[in-house]
Amino acid sequence: MQFMTQLLDAFFPDICVLCESTVATSRVHRTCPHCWAALPRISHACRHCALPIPQGELCGGCLTQPLFSGNCVAALLHRGCARTLVHRLKYNHGLREGSTLATALQQAVRLNYSTQPLAKALVPVPLSYWRQVQRGYNQATWLAHLLGKSMRLPVITSAVRRRGGIPQKAKSRNSRLQLPPATFHIPAPIKVDHVAIVDDVLTTGATVKALTQQLHNAGVKRVDVWCATRTPRPT
Ligand SMILES: [Zn+2]
Ligand SMILES: [Zn+2]
């Protein structure tokens, strides 16, 4: 197997998804060592919203009103090259960029769950039917499948549906902070007690919050949140 990998690397050297330099040995994260090291990783963050904090477990906001009740993990700050990766994953069929984000997220999850039980299944944030038809794929599902494969976790996709509506991006800041739980429809109980919602970017948290509520209603006891990148909470 190792011989085959070396042979393939010799004939088909990889190209870094960020700087486009030739990478002698292809890596699962699809970047050169320099770009991989330069990703804007979140080193220490609030347990319930993944915002970077200098020390402690919770940010000021989550001390009084936690964004999520479960564990929230984000790998990268949503800026610079991390933002570029998400953009290409979302709008340019960037499966290779998805590998970079999924690998960074997997590392962050492993670090975060060293002393606590890991989620037993992954739930990607679904797109509405028409959004999925328009885009042709769901970037959160791509991420979840990459993560699920490397972490040996099942991915739940068909159990959760999303009703159509105005995309979060097109709404005003105030209306983006609220999303009715009925946006998501889970017709049958989910028989897994601990899941992690997977998404590409966490912004206000409204989408994930609505989905979390519906997953609890469907019988899931603990819902964690795993996102590739994190934007600052709007003020
Ligand atoms: Zn590079
Ligand atoms: Zn927080």
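Student: How many other C-beta atoms lie within 10 Å of leucine 153?

Tutor: A residue is buried with 20 or more other C-beta atoms within 10 Å of its own, exposed with 12 or fewer, and partly exposed in between, the C-beta atoms being placed from the backbone. Leucine 153 is partly exposed, because its count is 18.

Student: Before going on, where in the chain does leucine 153 lie?

Tutor: This is a predicted model, in which local features need pLDDT of at least 70 and side-chain atom pairs pLDDT 80 or more, while totals for chains, interfaces and linings use all residues. Residues are numbered from 1 along each chain as its sequence is written, with chains lettered from A and ligands numbered from 1 in the order in which they are written. Helices (H or I, at least four residues) and strands (E, at least two) are DSSP runs numbered from the N terminus. Leucine 153 sits in the loop between helix 7 and strand 5 (161-162).

Student: What distance separates the C-alpha atoms of leucine 153 and leucine 118?

Tutor: Along the chain these two leucines are 35 residues apart.

Student: At what angle do the axes of helix 5 and helix 7 cross?

Tutor: Axes are lines fitted to C-alpha atoms, for helices over the stretch in contact, and angles run from 0 to 180 degrees between N-to-C directions. Angles under 35 degrees count as roughly parallel, over 145 as roughly antiparallel, 65 to 115 as roughly perpendicular and the rest as oblique. Helix 5 and helix 7 are therefore oblique to each other. The axes of helix 5 (residues 95-112) and helix 7 (residues 139-151) come within 9 Å, and the crossing angle is roughly 55°.

Student: And at what angle do helix 4 and helix 5 cross?

Tutor: The axes of helix 4 and helix 5 come within 8 Å and cross at an angle of roughly 130°.
That makes this pair oblique too, so the value to note is again roughly 130°.

Student: Which residues of helix 5 make the contact with helix 4?

Tutor: Two residues are in contact if their C-beta atoms, placed from the backbone, lie within 7 Å. Helix 4 contributes Leu85, Val86, Arg88 and Leu89. From helix 5 come Glu97, Gly98, Thr100 and Leu101.

Student: How many residues has the largest nonpolar core?

Tutor: A nonpolar core is a set of buried Ala, Val, Leu, Ile, Met, Phe, Trp, Tyr and Cys residues joined through C-beta atoms within 7 Å. Among the residues with the most contacts inside the largest core are Ala50 and Leu105. The size of this core is 53 residues.
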